[in-house]
Amino acid sequence: MKIKFWFLLALLSNSSFIVQAQQGSVINSVLEGQVTDKGNKAPLEGASIVIKGTTNQTLTNNKGQFTLKTGQKLPYTLQVTIVGYKSIETEVDRSPVKIELEQDVQSLSDVVVIGYGTQKRKDLTGSVASISPKDFNKGSNVSVDNLIAGRAAGVQVTQSSSEPGAGVTIRIRGANSINASNEPLYVIDGLPIDNSTITPTSAAVTESAPRNPLNSLNPSDIASIEILKDASATAIYGSRGANGVILITTKHGRKGRLSVDYNVSGAVQEVAKKIPMLSASQYISLLNDLKAAQGLAPEFTDADIAAIGKGVNWQDEIFRKGYTQNHQLSFSGGQDKFTYYASLNYLDQSGIVISSGIKRYTGRVNLNYTDTKFKFGINLNAAKINDDYVPNGVSINEGAGIVNTAIFQDPTLSVYNADGKYAQSSLVNLENPLGLANAVTDYAVTGRTFGNAFLEYFIIPELSIKINGGTDIQSSRRDTYIGRNTKKGSNANGIASVQTTNSNNALLELTARYAKTFNNHSLEVLGGYTWQNFGWNILSSGAQNFTTDAFGTDNMAAGSASTFTINTFKSRNQLKSFLGRINYTFNDKYLLTANFRADGSSRFGADNKYGYFPSLALGWHVNREYFFRNIHTVSTLKLRASYGSTGNQEIGNYRSLVLLSTQGQAIFGNAAEVGISTTQLANPNLKWETTKQFDAGIDFGLFEDRITGSVDYYNKNTKDLLLELPVPTTTGFATTLTNIGSMNNRGFEFTLNTVNLRGKFNWTTSVNFSTVKNKVTGIGGLPYIQQGSAGFFSNFSILQVGLPLNSFYGYQVAGVLQKGEQYTPQPLSAPGDLKFLDANGDKTINTSDRTILGSSFPDFTYGINNSLGYRRFNLSFFWQGAQGGKILNLNISESENPISFRRNRLSRSYTDRWTETNPTNDNPSGLSPAFAYVDASGTINSRAVQSSSFLRLKNISLSYDIPAPENFLFQSAQLYFVAQNLVTFSHYLGFDPEVSSFGTSNVRVDYNAYPLSKIYTLGLNVKF
């Protein structure tokens, strides 16, 4: 059977609506075609194609193409519909067919989701970024956050760790808080979820990067993601809206026959970059040279060197190729009143570090029923996640993670002893990296089910009431056993730990909506009440001193009873709210949106139980004015402005109350009694942190919207920030939590979308660009507050009025002291020592000379995506970058200040170190630690604060649409290849300039974080 390629349609002429073909036979069992936008000629995905009077129908793919098996005589009438476009009926007498649809101005933006409803895009007065599946980052993405990284202006996504399933930090328009959360609120199909829901931690192994709470949501089930950024968009969420809101809408069925989709992919991962450390020969040479320079005997004799041989590259030992397989099976369809969508997903990802990985099983069911009086829907998601942890984090010595041990472990140490056991160094207080990975078992199993059901009743067509109920239930268990073949485990004869966590979230909402259009007026009024309850409990137990490692955590009674530990914890909080919104449009040109929410939270103090959060926004369609009628180049021009107040109630539970806890033991008679004491003072005035934000924006379109974009300016002022302020010691406490700090964030956002070429060859471009200027404006009258602790270092960031939040704080290096040079502030320093800037000019170097070394906030961030299409091929590549920020690389600090002589070092600092024959000004001699003169081992200097600027080819994808022969097994298929993190341009010396070892912290620190991986994915998507 002859296969007719859709690209021949480009030979057809362009008109407002075209259905042309050559005359031929009167029977055609297969109809092929393409549906495009009349204005910009862009293909339309998801358009419904129905033969009138039958149930024979299909949907267009991401190229706007469709294939419909008809088995009917020509001609017949096609019904073509898609949200946002005018539905049409047309008679077809030939195949292939080209169909152009005209945008329906009245319904164009019904797909834009906002808080507690939807709104036409043209009527938006707030700043909302809408991201559809065609704009998602392609490839192997475990969580939803990865789909939007770099895709929206003003939204910075930072991977705390590249470990499979690790958490992600999102900042929308900067950081608003010092001690409370800066993470946005996530709402999935109308259910606000608890962002802090994580897999339980381990009492035996310390790691700082929490698991991602969105791992239980399958990215392939996502239909759209809306990011609410300004107060007009977020005030409807009140005390949870200050950090922005991310609305996630999952896929739903469409009317028509059953459609089955199967998407299978496999991926290979490899470490993107290794840290250049000293090889065994370089290490031996350096240590012998350092000993010789001090007049000491060499560290290694000739016999030692011969026995060592090539030594060990520990990074090569722990890194591997990781593999991912992903299977997605979905079913969708519906009838006149009922639609359904169901999916199953299996993901198996092994990490690039040995003994790390994740397995996920998810299922989803979405059901919808609609008639003239009722709307009813159910959205249900269930997931099981198996996490395989590898010890990692920011601890030190025996508690250090696998990446730290691989970097700093002695390269002359053998992997195994002669008896086959893992070798351990008596000179370096670090674990054998392979022993740490293989002799520590650390697994977690998490089950999570969440969803909601709603019923909406239309009293009259304009007035409806809606009840929405939801729940989110999670249960997790984490088992950790540290074997006796590790240093830490051998000291305790094995360490076992088990922790279980149970959490629940219940939601009840009752809302009423009135919508009416009359004459030149359009009015929508929303009012409602919401109640939400969050609770969780934790049970942890531990044991040590085992006679065998065989039991692991399966028989903790095998440990010594004197080492048994048990702890329990239970907590809950509740939110009761009233909300309202008015949307008003006059003459389809002038827009007004007003929001109000009153939140009552159990977290607030007795004197501040309720917070009130209003907002107001105005919009003006300038291009619809009479005076604009002759300006045809500009197809869209809308001005908008908003101002409002939002809050942040993520201050933790019970912070306003007096709390009791155990405190030591006392002997009464012959019995030991556990002591109870207060742990914090009461503060009945404690309340939410409040952010007031102004936003002004322009939305524009040129040349019939072939060029579209927006420009925004925002200014956010946050007050009542929570700070620990000193109190009289007579209270029994040093500080108390108080609402007293303040901060400002301001900046610009710019987005641009262009249709560069259309026709046989298609080319589109999208660009986003944003800036943020952060400044602390108040800290309760204190001169400054120092924060930050990791590894051997502390107090490396500072809070000070006029500076960005958590600016890096330490000594500025002024060079290397040369032979014969006198540097007055450091009279005792020797040639080859670092020189530190005398910041205060008092001719001496001390702690008063610490200065600001930079800020984590970049000057600007950007993303550029290009998509090219030719015939059945589509190529897209996405660049992401940031410019101007700083990151603290503690590997440099530790390397240049080794806690023990036998730890390995960064080759950068020592292969070109200062000597009398190499009087460089770039690196010190290494004879004296960098902090030796200033006598402050916990401080940092400017050599460790590096630029985090980068440009990364984040994603490149190539796909081919496989034509389906007549009466073949499948309707359509697509073969695709995706490469992620292919190349990064940066001067940063660590694994990844985008990483943050502290997870959601405001301090950007890299301390042996799990490294970034390059990922290559090959997949096939088949529609039956």
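Strand S45 (residues 886-889) pairs with S46 in the antiparallel sense over three bridges; strands here are DSSP runs of E with at least two residues, numbered from the N terminus, and two strands pair if DSSP finds at least two bridges between them. The model is predicted: local features need pLDDT of at least 70 and side-chain atom pairs count only at pLDDT 80 or more, while totals for chains, interfaces and linings use all residues. Residues are numbered from 1 along each chain as its sequence is written, and side-chain values use heavy atoms, with hydrogens and water left out.

**Sheet S46-S45-S49**

- The open sheet has three strands in the order S46-S45-S49, with mixed pairing.
- Strand S46 (945-947) and strand S49 (1005-1006) stand at the edges with a single partner strand each, so one side of each is left without a neighbour in the sheet.
- Lys886 has Ser947 in S46 as its bridge partner.

**Strand S16**

- Strand S13 (residues 185-188) runs parallel to S16 and is joined to it by four bridges, with Tyr186 opposite Ile246.
- Strand S15 (residues 222-228) runs antiparallel to S16 and is joined to it by six bridges; Ile227 has Ile246 as its bridge partner.

**Thr60**

- Thr60 lies in the loop between strand S3 (57-59) and strand S4 (65-73), and is buried with a relative accessible area of 5%.
- A polar atom of the Thr60 side chain lies 2.7 Å from the backbone oxygen of Leu44.
- A polar atom of the Thr60 side chain lies 2.9 Å from the backbone nitrogen of Ala47.
- Not counting residues up to four places away in sequence, Thr60 touches Val35, Leu44, Glu45, Gly46, Ala47, Ile49, Gln65 and Phe66, where contact means heavy atoms within 4.5 Å.

**Cavities**

- There are eleven cavities of 30 Å³ or more; a cavity is a set of points, on a 1 Å grid over the protein atoms alone, where a 1.4 Å probe fits but cannot get out.
- The largest cavity holds about 460 Å³ of space, a volume being the space filled by probe spheres set on the points, which are joined across faces, edges and corners.
- Its lining has 33 residues, with Asn146, Gln159, Ser162, Asn981 and Ile1015 nearest the centre of the largest cavity; lining residues have an atom within 4 Å of a point.
- Strand S11 (155-159), strand S47 (950-962), strand S48 (972-985) and strand S50 (1013-1023) each give two or more residues to the lining of the largest cavity, and S11 has the largest share with three residues.
- This lining divides into ten nonpolar, 18 polar and five charged residues; Ala, Val, Leu, Ile, Met, Phe, Trp, Tyr, Cys and Pro count as nonpolar, Asp, Glu, Lys and Arg as charged, and the others, Gly among them, as polar.
- The second largest cavity has a volume of about 310 Å³ and is lined by 24 residues, of which Gln156, Arg171, Ser856, Phe857 and Pro858 lie nearest its centre.
- S11, strand S12 (168-172), strand S35 (761-771) and strand S43 (860-870) give two or more residues to the lining of the second largest cavity, where S11 has the largest share with three residues.
- The lining of the second largest cavity has seven nonpolar, 13 polar and four charged residues.

Note on methods:
On a 1 Å grid over the protein atoms alone, a cavity is a set of points where a 1.4 Å probe fits but cannot get out, and a pocket is an open set with protein on both sides within 12 Å along at least five of seven lines; lining residues have an atom within 4 Å of a point. Buried means under 20% relative accessible area, exposed over 50%, partly exposed in between (1.4 Å probe, protein chains only). A polar contact is a pair of N or O atoms within 3.5 Å; within protein, one must be able to donate a hydrogen and the other to accept it, and residues adjacent in sequence count only if both atoms are side-chain atoms.
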